[in-house]
Amino acid sequence: MVISGGPGTLLGPIVGATLVVAVKTVVSGFIERWNFLLGAIFVAIVILMPEGLVPGPRGCGGWRSASAPPATARKESAS
């Protein structure tokens, strides 16, 4: 749960636990082997978003302005 949500954040384990409970509750009514689907979701998360679901979009620049320079560039220019 923690790895799927994102271990570096407080919200990550909550999102991971919600994912597991939702898949178990919803999908187990339709598919007998819901564990296989959950495993496939975990593998996809690890391959596509190694930082987890919560910090994943931040790593792609989704939470940061595209015109904002990286933090290291700002520190160097201030010196």
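This is a predicted model: local features need pLDDT of at least 70, side-chain atom pairs count only at pLDDT 80 or more; totals for chains, interfaces and linings use all residues.
Visitor: Is S4 buried or exposed?

Guide: A residue counts as buried when its relative accessible area is under 20%. S4 touches G16, L19, F42, I45, G52 and L53, leaving out residues up to four places away in sequence. Because the relative accessible area of S4 is 4%, which falls under that cut-off, S4 is buried.

Visitor: What is the relative accessibility of G5, which lies in helix α1?

Guide: G5 lies in helix α1, and, once its neighbours within four places in sequence are set aside, G5 is in contact with G12, G16, G52, L53, V54 and P55. Between the C-alpha atoms of G5 and T18, which are 13 residues apart in sequence, there is a distance of 9.1 Å in space. G5 counts as buried because its relative accessibility is 0%.

Visitor: Does I3 count as buried or exposed?

Guide: I3 has its place in helix α1, where, apart from neighbours within four places in sequence, I3 is in contact with V46 and G52. The C-alpha atoms of I3 and I45 are separated by 8.8 Å, although these residues are 42 residues apart along the chain. A residue counts as exposed when its relative accessible area is over 50%; the value for I3 is 57%, so I3 counts as exposed.

Visitor: With which residues is V2 in contact, leaving aside its neighbours within four places in sequence?

Guide: V2 has its place in helix α1, and with 41% relative accessibility V2 counts as partly exposed. The C-alpha atoms of V2 and V15, 13 residues apart in sequence, are 8.3 Å apart in space. When neighbours within four places in sequence are left aside, the residues in contact with V2 are P7 and P13.

Visitor: Which residue has its backbone nitrogen 2.9 Å from a polar atom of the side chain of T9?

Guide: T9 lies in the loop between α1, which spans 2-5, and α2, and, its neighbours within four places in sequence aside, T9 is in contact with V54 and P55. A polar atom of the T9 side chain lies 3.4 Å from the backbone oxygen of G6. The backbone nitrogen that lies 2.9 Å from a polar atom of this side chain belongs to G12.

Visitor: What is the relative accessible area of G8?

Guide: G8 is placed in the loop between α1 and α2. Although G8 and V54 are 46 residues apart in sequence, their C-alpha atoms are 9.0 Å apart in space. G8 is exposed, because its relative accessible area is 76%.

Visitor: Which element gives the most residues to the largest nonpolar core?

Guide: The largest nonpolar core has five residues in all, namely V20, V23, V27, W34 and L38. Two elements give two or more residues to this core, and they are α2, at 11-27, and α3, at 34-48. With three residues, the element that gives the most to this core is α2.

Visitor: Which residues does V23 touch, not counting residues up to four places away in sequence?

Guide: V23 is one of the residues that make up the largest nonpolar core, together with V20, V27, W34 and L38. If residues up to four places away in sequence are not counted, those that V23 touches are S28, W34, L38 and I41.

Visitor: How much of the accessible surface of the chain belongs to carbon and sulfur atoms?

Guide: The chain has five helices and zero strands, and, of its 79 residues, 20% are buried. Among its contacts between residues at least 6 apart in sequence, 44% join residues at least 24 apart. The accessible surface comes to about 5,900 Å², and the part of it that belongs to carbon and sulfur atoms is 69%.

Terms used. Residues are numbered from 1 along each chain as its sequence is written. Side-chain values use heavy atoms; hydrogens and water are left out. A nonpolar core is a set of buried Ala, Val, Leu, Ile, Met, Phe, Trp, Tyr and Cys residues joined through side-chain atoms within 4.5 Å. Buried means under 20% relative accessible area, exposed over 50%, partly exposed in between (1.4 Å probe, protein chains only). Helices (H or I, at least four residues) and strands (E, at least two) are DSSP runs, numbered from the N terminus. Contact means heavy atoms within 4.5 Å. A polar contact is a pair of N or O atoms within 3.5 Å; within protein, one must be able to donate a hydrogen and the other to accept it, and residues adjacent in sequence count only if both atoms are side-chain atoms. Accessible areas come from the Shrake-Rupley method with a 1.4 Å probe; for residues, only the protein chains shown count as cover.
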